[in-house]
Amino acid sequence: MPTNNFQSSRFVRRTLLWLIWLACMPGWAQDKPTMTWWQYHLPPGTILVDDKPSNGILDGKLLQIIANWPEVNHVFMRAPPARIYSELAASNYKACYNSAIFTPERENQFYMSALQLLAPMGVVAKPAILHKLAKNAQGEVLPGALFDRTDIVGVINPGRSYSALLDALLSLRKPEARITMVTASHSGENLMRMIGAGRADYTLEYGAVLEYLKTTEPSVKDAGLQFAPVAGMQLIRAGIACPRNAWGYAAINKIDAIITKLAPSPEFQQQSSP
């Protein structure tokens with residue numbers, strides 16, 4: 001028995017020493033490096049469950065990238081676009097965003113890699129409001145005239161890009177134009193609920209987002225909201241944005257290499273159409 005007690009005591013001491021040594025080791029010696037992904041809930045492109053990607057269009061591609069990047073631990077943080085882009089602009093920041101909309105300004109500000117072509121945004125409103133809007137011969141809403149109106153109220157999410165064209169026209173709107181800025185981490189649901197409740201008249205959104213929310217949000221379905229295309233719009237590029245620093249350069253190069261590897265895969269391609 002004494003021998004067994006001695007061996008047991010020695011085992012305990014060795015275990016304690018090993019734990020103390022492990023605790024003193026730098027983080028890289030204990031764990032894999034961490035890859036942080038900013039997340040924004042905007043179905044059907046990104047559908048977050050417990051703040052993690054699930055079965056959205058862009059989620060699927062991100063999850064395939066993650067599966068081919070096992071040498072790092074992937075973690076997720078959720079926030080509105082305004083905060084995400086503000087954080088990414090910090091010179092020492094180490095995280096990427098997988099739902100970034102390409103604009104000339106962002107391509108200069110961040111390292112970016114395209115994942116998806118999206119159908120253009122349009123105007124979402126009740127039929128009575130859509131009937132009032134100026135349109136061209138093809139029935140497309142004229143955005144410049146829309147943003148300058150003072151008799152109806154638009155609502156948009158600051159920090160989110162609505163395309164290079166619409167962003168530029170919004171920045172040039174008249175001071176008296178009635179457009180409300182609402183920061184939201186659930187942009188589609190929140191803004192469309194406002195329209196349904198009569199707190200605003202229109203917003204800018206993807207048609208696919210409206211159709212998705214009609215199947216999941218009774219208040220959106222019951223509001224009778226409709227989608228109208230906007231004149232001058234083109235397909236929109238969406239993808240990954242990383243900070244323009246040494247870390248971001250290495251990250252986007254790794255991401256590009258994985259995308260190149262996955263590109264021939266039918267599973268990766270099946271979500272590539274607008």
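Is helix α3 mostly covered or mostly uncovered, and how many of its eleven residues are buried? Helix α3 is mostly covered, with eight of its eleven residues buried; buried means under 20% relative accessible area, exposed means over 50%, and partly exposed is in between, using a 1.4 Å probe on protein chains only. The buried residues of α3 are L58, D59, G60, K61, L62, Q64, I65 and I66.

The model is predicted, so local features need pLDDT of at least 70 and side-chain atom pairs count only at pLDDT 80 or more, while totals for chains, interfaces and linings use all residues. Residues are numbered from 1 along each chain as its sequence is written, and side-chain values use heavy atoms, with hydrogens and water left out.

The protein chain holds 13 helices and twelve strands. Helices (H or I, at least four residues) and strands (E, at least two) are DSSP runs, numbered from the N terminus. Of the 274 residues in the protein chain, 44% are buried. Among contacts in the chain between residues at least 6 apart in sequence, 75% join residues at least 24 apart; a contact means heavy atoms within 4.5 Å.

The sheet comes next. Five strands form an open sheet in the order β4-β1-β5-β12-β6, and the pairing is mixed. Two strands pair if DSSP finds at least two bridges between them. Strands of a sheet pair through backbone hydrogen bonds, either parallel or antiparallel. The edges are β4 (73-78) and β6 (110-118), each of which pairs on one side only. On average, neighbouring strands of this sheet are turned by 30° against each other, direction ignored. Axes here are lines fitted to C-alpha atoms, for helices over the stretch in contact, and angles run from 0 to 180 degrees between N-to-C directions.

Three bridges join β12 to β5, and the two run antiparallel; A100 stands opposite G239 in β12. Strands β6 and β12 also pair in the antiparallel sense, over eight bridges, and L118 has I236 in β12 as its bridge partner. Strand β12 is mostly covered, seven of its eight residues being buried.

Helix α3 (residues 57-67) lies across β1 (34-39), β4, β5, β6 and β12, and runs at about 130° to β6. Helix α4 (residues 81-88) packs on the sheet, where it touches β1, β5, β6 and β12, and its direction makes about 120° with that of β5.

Which cysteines form a disulfide? C96 and C242 do, with their sulfur atoms 2.1 Å apart, and a search of the whole structure finds one disulfide. The cut-off for a disulfide is a pair of cysteine sulfur atoms within 2.5 Å. The link of C96 and C242 is right-handed, with 110° about the S-S bond. C96 lies in strand β5 (residues 96-101) and C242 in strand β12 (residues 236-243), so the pair ties together parts that are 146 residues apart in sequence. C96 is buried at a relative accessible area of 0%, and C242 also counts as buried, at 0% relative accessibility.

The structure holds five aromatic pairs. One of them joins Y85 and Y97, whose ring centres are 5.6 Å apart and whose planes are at 80°, so the pair is edge-to-face. Rings of Phe, Tyr and Trp (its six-membered ring) pair if their centres lie within 6.5 Å; planes under 30 degrees apart count as stacked, over 60 as edge-to-face and the rest as tilted. Y85 lies in helix α4 and Y97 in strand β5, so the pair ties together parts that are twelve residues apart in sequence. Both Y85 and Y97 are buried, and together with F110 they form one aromatic cluster.

R106 lies over the face of Y85, at 3.7 Å from the ring centre. The charged end of K61 sits over the ring of F268, 4.9 Å from its centre. A charge sits over a ring if NZ of Lys or CZ of Arg is within 6 Å of the ring centre and within 35 degrees of the ring normal.

One further residue is D256, in helix α12 (residues 246-262). D256 is partly exposed, with a relative accessible area of 30%. D256 and M112 are 144 residues apart in sequence, while their C-alpha atoms are 9.3 Å apart in space.
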